[in-house]
Each structure stands twice: as C-alpha cells, then as structure tokens.
Amino acid sequence: MADQQNPATAKDGLDRNPDKFLSRSVYDLISLKGRTIVITGGGRGLGLAFGFAVAEVGGNVAIIDLLDEPHHHFQKLETEFGVKVKLYKSDVTNHAGLQVTFDEIVKDFGRIDGLITAAGICPDEPFMKRAPESVARCMNINVLGTYYAAQLAAAQMAKQEPTDFNPRGGSIVLIASIAAHVASKGQTTSDYCASKGAVLSLAKALGVELAAFGIRVNSISPGYMLTDMTIDLCDRYPWLADIMTNEPPMRRIGDRTDLKVPVVYLLSDASAYHTSDDILITGGIHAGRLL
Ligand SMILES: NC(=O)c1ccc[n+]([C@@H]2O[C@H](COP(=O)([O-])OP(=O)(O)OC[C@H]3O[C@@H](n4cnc5c(N)ncnc54)[C@H](O)[C@@H]3O)[C@@H](O)[C@H]2O)c1
C-alpha cells in the first residue's frame, strides 16, 4: 500500500505510511486471543499469576511445573476464563524430558506463541558455605532450565505457519530479578544473583539472535513480590518482612498484580518493537534503598 503511494519506499525500505498507527487500538494490541503461552514454574507463585494475566486477555495457557499438585488458584484459572489451560509435570533441567513436554504442548494446543520462564529457586546460604551440588542445582534450574525452555519454544515459533492472530514468530519473557542488578539485603544469595545475571544477559543475546525469526526476547526483573513463598519466608525470618516492606522507596512489597500488565505488554503486539531489554519493577530499589 505504502509502496504504491510512494515508489521511494521500495528502494530504501522505509515504510512511509503515516496512517498506520491509526489502524490498531490499545485493546487490539494487548490482546492474546488465539495465542498459546507456555509458562514454566506456573504451578504457583509468580508463574501462576502470569497464567491469569494471559487468560484475562484471551490467551491459552500451558503450564510446566515439577509440582504434583498446583496451587488451589489453578482451578480458578482452569474454569473461569473460557480459554484452554493445561498443566504438564516436567523438570526444566531435563532437556530430553522437556522436549517431550513441548511436543505434547504443540500436539494439544497446535502452536506456541509465547513463553514465560518463571521456574526458579533461591537458596539462601553464605557464599563460604555453599556446596558445589547445591550451587549446580541453582544454576541448572535458573540458567539451564531457562535456556532449554527458550530454545525449545523458539524452535517451534520459528517454524509455525502465520495465522490471522500471529503473523510470525513470538515473544519470550525471561523472569530475572532485582538480584541480577544489586545484592539482596538480609539474604546471602550469591549463586541466585549470578544465575539471574545470566538470565538477563541471555535475554539480550537472544533478542538480537532471534530477531531474524520474528521472535522477541526480553526479561523482567521483579523486586520483592508477595507470594505464598515470601509470606512463609517472612514468617520464619521477621526481619525480612521489615526489609521487604520498608526498603523499597515506594514503602511496600510488590504484589503480583504489579507484574500482570508488564507481562501481557511484553507478550503481545503492544511491544512489537521492544526486544533485548530488561524491565525493572521494584518499587524503586534498583535506584536507591530506604531504611
Ligand atoms: N517472589 C519474588 O519476590 C521474586 C522476585 C524476583 C524474581 N523472582 C523469580 O520469579 C520466579 C518465580 O518465583 P516465585 O516467587 O513464584 O517462586 P515459587 O517457588 O513460588 O515458584 C517457582 C515454581 O517453579 C517450579 N520449579 C522449580 N524448579 C523447577 C524445575 N526444575 N522444573 C520445573 N519447575 C520448577 C516450582 O515447583 C514452583 O512452582 C523465580 O525465577 C524467582 O527467582 C521472584
């Protein structure tokens, strides 16, 4: 269309259609209708909240988790949104097993349009005491598990036929952490911090390498977020409750609600020109801490 209006477009590749931005509303852009999003670690915690975010804007959800039983909220996700939701028990560190799981997902859902990698662990023990097996476990889950899932999802995205709801490629959102940027106060999490630094770098590298396939890759670095796990942690170590509430300049712990729209933004066409980036959602602690 633009080429017909202005022959110069064909020569220099510049799309000179100044009316293009009028064609899609914000509501169209954030819709995930028809798309299938895979979420690792979605059996509970942040990953499960991302499942709700996806379903609320019309996306189908395939969750991969080690848990035998997901959090009881999973049942609500399964029944309340009129989208397809399925849980697959699989270990992200087992490449062969994960390949089988991705094959099952493609068989069940027909395609993969997005991936969120939320499977992760956070050991808390002084650096001097960390045992090699325990460090390796953290790296395997947080780094290799993320790498394998991204690779398997990208392989599927790259070979899919275009559809009316997704002309090409897909979007990958890696869950990093504020710990990739600054050390955590009141916690000793050396291998966790290193693993999340790796996740951050992976998103940058993959965003560049996979752009040719129409696949965008970004990370989100959450600060302290309220989940069943953080509630339990704060019950056991009361000083952490104080830190998580009072250290962020915004003087509160994050709620998973704070991550729902950013995740939808990154998965959807709303972020079609956004890749190789990290979005920090921390209540401000990446810039400075109170207390
Ligand atoms: N909660 C926070 O405050 C916070 C802040 C920043 C980043 N994060 C990151 O967000 C992600 C999710 O954290 P969360 O708080 O929801 O933790 P969580 O423990 O509640 O959830 C993690 C999920 O990952 C699953 N999992 C663990 N190892 C797995 C494996 N090998 N294969 C498949 N699934 C596996 C667990 O079964 C669990 O359901 C993690 O990567 C974490 O580092 C969390």
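Q: A strand is a DSSP run of type E with at least two residues, and strands are numbered from the N terminus. Which strand holds Asn60?
A: In this predicted model, Asn60 belongs to strand 2, which covers residues 60–65.

Q: Is Asn60 buried or exposed, and how do you know?
A: The cut-off for a buried residue is 20 or more other C-beta atoms within 10 Å of its own. Asn60 has 25 such atoms within 10 Å, and therefore it is buried.

Q: Which residues does Asn60 touch, not counting residues up to four places away in sequence?
A: Contact requires C-beta atoms within 7 Å of each other. By that test, Asn60 touches Arg35, Thr36, Val83, Lys84 and Phe109. Asn17 is another matter: 43 residues separate Asn17 from Asn60 in sequence, and their C-alpha atoms are 33 Å apart in space.

Q: What makes strand 2 and strand 3 a pair, and in which sense do they run?
A: Two strands pair if DSSP finds at least two bridges between them. Strand 2 and strand 3 (residues 85–89) have five bridges and run in the parallel sense, and therefore they count as a pair. Within this pairing, Val61 is opposite Val85 of strand 3.

Q: Which helix makes a β-α-β unit with strand 2 and strand 3, and what is the hand of that unit?
A: The helix is helix 5 (residues 73–80), and the unit is right-handed. The term applies because, with the strands pointing away from the viewer, the path from the first strand over the helix to the second runs clockwise.

Q: How do you know that strand 4 is paired with strand 1?
A: The requirement is at least two bridges. Strand 1 (residues 36–40) is joined to strand 4 by four bridges, and therefore the two strands, which run parallel, are paired. Val38 is the residue opposite Leu115 of strand 4.

Q: What joins strand 4 to strand 5?
A: Four bridges, in the parallel sense, pair strand 4 with strand 5 (residues 170–175). Here Leu115 is opposite Ile172 of strand 5. Strand 4, helix 7 (residues 132–159) and strand 5 also make a right-handed β-α-β unit.

Q: Why are both faces of strand 4 called covered?
A: In a regular strand the side chains alternate between the two faces of the sheet. In strand 4 (residues 114–117), Gly114 and Ile116 are buried on one side, and Leu115 and Thr117 are buried on the other.

Q: Is Val263 buried or exposed, and how do you know?
A: Val263 has 26 C-beta neighbours inside 10 Å, and because the cut-off for a buried residue is 20 or more, Val263 counts as buried. Val263 is part of helix 11 (residues 257–267).

Q: Which residues does Val263 touch, not counting residues up to four places away in sequence?
A: Val263 touches Phe50, Ala53, Ile116, Val173 and Ile220. Phe50 is 213 residues away from Val263 along the chain, while their C-alpha atoms are separated by 7.0 Å.

Q: Is Arg251 buried or exposed, and how do you know?
A: Because 12 or fewer other C-beta atoms within 10 Å make a residue exposed, and Arg251 has 12, Arg251 is exposed. Arg251 lies in the loop between helix 10 (238–246) and helix 11. Its phi is positive, about 55°, although Arg251 is not a glycine.

Q: What makes Ser276 partly exposed?
A: Ser276 has 17 C-beta neighbours inside 10 Å, a count between the limits of 12 and 20, and therefore it is called partly exposed. Ser276 is found in the loop between helix 11 and strand 7 (278–281), and it too is a residue other than glycine with a positive phi, near 60°.

Q: Which residues are the closest to the ligand, and how many surround it?
A: The ligand is surrounded by 28 residues, of which Gly41, Gly45, Gly120, Ser177 and Met225 are the closest. Helix 4 (45–56), helix 7 and helix 9 (228–236) are the elements that give two or more residues to this shell. Helix 4 gives the largest share, three residues. By class, the shell has 14 nonpolar, eleven polar and three charged residues.

Key: Residues are numbered from 1 along each chain as its sequence is written. This is a predicted model: local features need pLDDT of at least 70, side-chain atom pairs count only at pLDDT 80 or more; totals for chains, interfaces and linings use all residues. A residue is near a molecule or strand if its C-beta atom, placed from the backbone, lies within 6 Å of it. Ala, Val, Leu, Ile, Met, Phe, Trp, Tyr, Cys and Pro count as nonpolar, Asp, Glu, Lys and Arg as charged, and the others, Gly among them, as polar. Two residues are in contact if their C-beta atoms, placed from the backbone, lie within 7 Å.
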